[in-house]
Amino acid sequence: YRAASAFLSSARCEHAVSIRIVKRIPPEGGLGGGSANAAAVLRALAAVYPTPELYPIAREIGSDVPLCLLDAPGLLWPGASC
């Protein structure tokens with residue numbers, strides 16, 4: 001919800017969206033599932049609506065969400081910021 005809301009606000013889009021996410025890992029399992037879901041929502045909305053810059057939106061949602069937007073493996077060390 002937070003990812004979709006932040007994206008639509010940034011894009012100044014007044015459309016309603018319906019998103020269904022099927023989780024295959026335990027909620028709050030520490031595996032980045034929520035961050036990956038947020039990144040997937042941002043990418044999906046960017047494919048449909050005029051695209052604002054995704055990284056600033058991702059940073060607002062969570063510190064590791066921008067990492068999940070990368071198209072390649074990424075490293076984030078303690079104290080680093082995206």
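**View 1. The largest nonpolar core.** Nineteen is the count here: this core has 19 residues, and F7, L42, I61 and V65 have the most contacts inside it. A nonpolar core here means a set of buried Ala, Val, Leu, Ile, Met, Phe, Trp, Tyr and Cys residues joined through side-chain atoms within 4.5 Å. Helices are DSSP runs of H or I with at least four residues, numbered from the N terminus. This is a predicted model, where local features need pLDDT of at least 70, side-chain atom pairs count only at pLDDT 80 or more, and totals for chains, interfaces and linings use all residues. Residues are numbered from 1 along each chain as its sequence is written, and side-chain values use heavy atoms, with hydrogens and water left out.

**View 2. F7 and its partners.** Skip the neighbours within four places in sequence, and F7 is in contact (heavy atoms within 4.5 Å) with L42, L45, A46, Y49, P50, P52, L54 and I57.

**View 3. The buried residues of α1.** A3, A4, A6, F7 and L8 are buried in α1, and the buried residues of this helix pack against α2 and α3. Buried means under 20% relative accessible area, exposed over 50%, and partly exposed in between (1.4 Å probe, protein chains only).

View 4. Look in the loop between α1 and α2 for R12. R12 isn't a glycine, yet has a positive phi of about 55°. Most residues other than glycine have a negative phi. R12 is also exposed, at 77% relative accessible area.

Terms used:
Helix = DSSP H or I, 4+ residues; strand = E, 2+ residues; numbered from the N terminus.
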